[in-house]
Amino acid sequence: MEPIEIGLWVTSFLLVLVVVGMRVAFAAGLAGLVGLIWIFWAKFGYSPDKFGKALTVSVKIAGQVPHSKVSSQALSLIPTFILIGYLAYYAGLTRALFEAAKRWIAWLPGGLAVSTVFATAGFAAVSGASVATSAVFARIAIPEMLAIGYNKRFAAGVVAAAGTLASLIPPSAILVIYAIIVEQDVGKLLLAGFIPGAFSAVVYVLLIVGIALVFKNVGPPVKGFTWRQRFEALPGALPIVFVVVIIICFVYNPFGGDAWGTPTEGGALGAFVVFCMALWRGMRWGEFKSALLETAKLTVMIFTIIWGVLIYVRFLGFADLPGAFSDWITSLEMSPMVILVCILLAYAVLGMFMDAIGMLLLTLPVVYPAVMALNGGESVAAADSAFGMSGPMCAIWFGILVVKMAEFCLITPPIGLNCFVVAGVRDDLSVQDVFRGVMPFFIADGVTIALLVAFPSIVLYLPSLAQ
């Protein structure tokens, strides 16, 4: 049997494991190890006395993956970004941010929901975890919306959908993972996420205002805040702004010249600044311990997925499945843009059955080379490319598109993780209530993705300045 055929059989085996409920990390690791054994045993002619040798070689290869790949400096960004978010929550910065947004914006139709979106976007700028963002605002925003008469499904849908912004707005753990898998510049990818993330938030806001105008009882406005009360709320939100400025300056020096440091250093400094602010605001040992434990749990989960999937990726390299898929994609008699749209639609379907990180880790080793081949290759110039951009810019653009698709998958049934988190935090909400509440946001995400595909400059403007 040829390596390509082995690759297809093992990939099918992996999909079966995922469908029956095995965790992605363990399913990918097991499939990768089985695939490696099969590949090497096939090279030895399936001789029974050579099976032990194939097993030994495969185990050694699989055993080297966790240290060789996860020791990457770029991955150290993930725990620091997650820690920033949890420290900000336990320091009370999140509630202060929501209060400021409420006093300034709640007079709009659906004003509390709009305030939730903007506050979530602000919190996303210091937190790299969508799940944590959804959990935090389910505790803070939903009770206030319900107290003034919001429809509970609508309120839950707003929080679940707005929580996805943390996947795109830097610091984003998923963007870091994408950069590592496809070997692209982490700093430029983080920069590329700012404008699309803000753009997504604005689209959500327009949708909310439109719904509130059409259905008067869905999201009543909140009025009565004086200008003095509004300005009094601003100091509580300034620490978030300060941390965002620090991270931006370390990724991209806005004053020209070299950046002030690496993204890793920016994340570490941001975590230290939030820690100092938390101490100043009276954070106690128990809260600090909880922040560290929650950070460790989420980091270990992400790293475990990376370990397992990278073993599978190593097997794919031996099977040459990415190369075969790229050749097949480029041989199709369809325009590159149509093929790209089909790939994004396939992500939408796949995301209904897999979590975002696992989905990207499993598919990118195969899909990314195919998309780059569609554009003309890694080193193609913009003038000679299919999508009108150079190879490195195409890698950034595609990264933002797939991360936005990963956001979309966080709220799609039946696996939409953010919906389960919101329902888990609120005893008065069922998962079905949350899924029904997020349905209008499918339209908003569809519009956003279409505009990002049609106008790549939305994604590429900031990265082009950093060249």
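View 1. Setting aside neighbours within four places in sequence, Thr363 is in contact with Tyr347 and Leu350, where contact means heavy atoms within 4.5 Å. Thr363 sits in helix α16, which covers residues 356–375. Helices (H or I, at least four residues) and strands (E, at least two) are DSSP runs, numbered from the N terminus. Thr363 counts as buried because its relative accessibility is 15%; buried means under 20% relative accessible area, exposed over 50%, and partly exposed in between (1.4 Å probe, protein chains only). The model is predicted: local features need pLDDT of at least 70 and side-chain atom pairs count only at pLDDT 80 or more, while totals for chains, interfaces and linings use all residues. Residues are numbered from 1 along each chain as its sequence is written, and side-chain values use heavy atoms, with hydrogens and water left out.

View 2. On a 1 Å grid over the protein atoms alone, a pocket is an open set of points where a 1.4 Å probe fits, with protein on both sides within 12 Å along at least five of seven lines; lining residues have an atom within 4 Å of a point. Two or more lining residues come from each of α1 (3–19), α14 (321–331), α15 (336–350) and α16. The lining has 14 nonpolar, two polar and no charged residues. Here Ala, Val, Leu, Ile, Met, Phe, Trp, Tyr, Cys and Pro count as nonpolar, Asp, Glu, Lys and Arg as charged, and the others, Gly among them, as polar. The space in this pocket is about 490 Å³; for such a volume, grid points are joined across faces, edges and corners, and the space filled by probe spheres set on the points is taken.

**View 3. The largest pocket and its lining.** This pocket has a volume of about 880 Å³. Of its 36 lining residues, Arg23, Met301, Ile305, Asp355 and Leu417 lie nearest the centre. Helix α13 (285–319) is among the elements that supply at least two lining residues, and α13 gives the most, with seven. By class, the lining divides into 26 nonpolar, six polar and four charged residues.

**View 4. Lys102 in helix α5.** Lys102 lies in helix α5 and, at 11% relative accessibility, counts as buried. Not counting residues up to four places away in sequence, Lys102 touches Leu112, Ser115, Glu144 and Phe225.

View 5. Rings of Phe, Tyr and Trp (its six-membered ring) pair if their centres lie within 6.5 Å; planes under 30 degrees apart count as stacked, over 60 as edge-to-face and the rest as tilted. By this rule there are 16 aromatic pairs. In one of them, the ring centres of Trp104 and Phe231 are 5.2 Å apart and the planes stand at 90 degrees, so the pair is edge-to-face. Trp104 belongs to helix α5 (residues 93–105) and Phe231 to helix α11 (residues 227–251), so this pair ties together parts that are 127 residues apart in sequence. Trp104 is partly exposed, at 26% relative accessibility. Phe408 and Phe442 also form an edge-to-face pair, 5.5 Å centre to centre with 65 degrees between the planes. Phe408 is in helix α17 and Phe442 in helix α19, so the parts that this pair ties together are 34 residues apart in sequence. Phe408 counts as buried at 15% relative accessibility, whereas Phe442 counts as partly exposed at 24%.

View 6. A search of the whole structure finds zero disulfides, a disulfide being a pair of cysteine sulfur atoms within 2.5 Å. For Cys409, the nearest cysteine sulfur is that of Cys419, 12 Å away. Cys409 is buried, with a relative accessible area of 3%. Cys419 is one of the buried residues of helix α18 (residues 417–425), together with Asn418, Val421, Val422 and Ala423. The cover over these buried residues includes α7, α8 (152–163) and α19 (431–454).

View 7. Tyr46 is not a glycine, yet its phi is positive, about 55 degrees. Glu183 is in the loop between α9 and α10 (186–214) and is exposed, with a relative accessible area of 67%.
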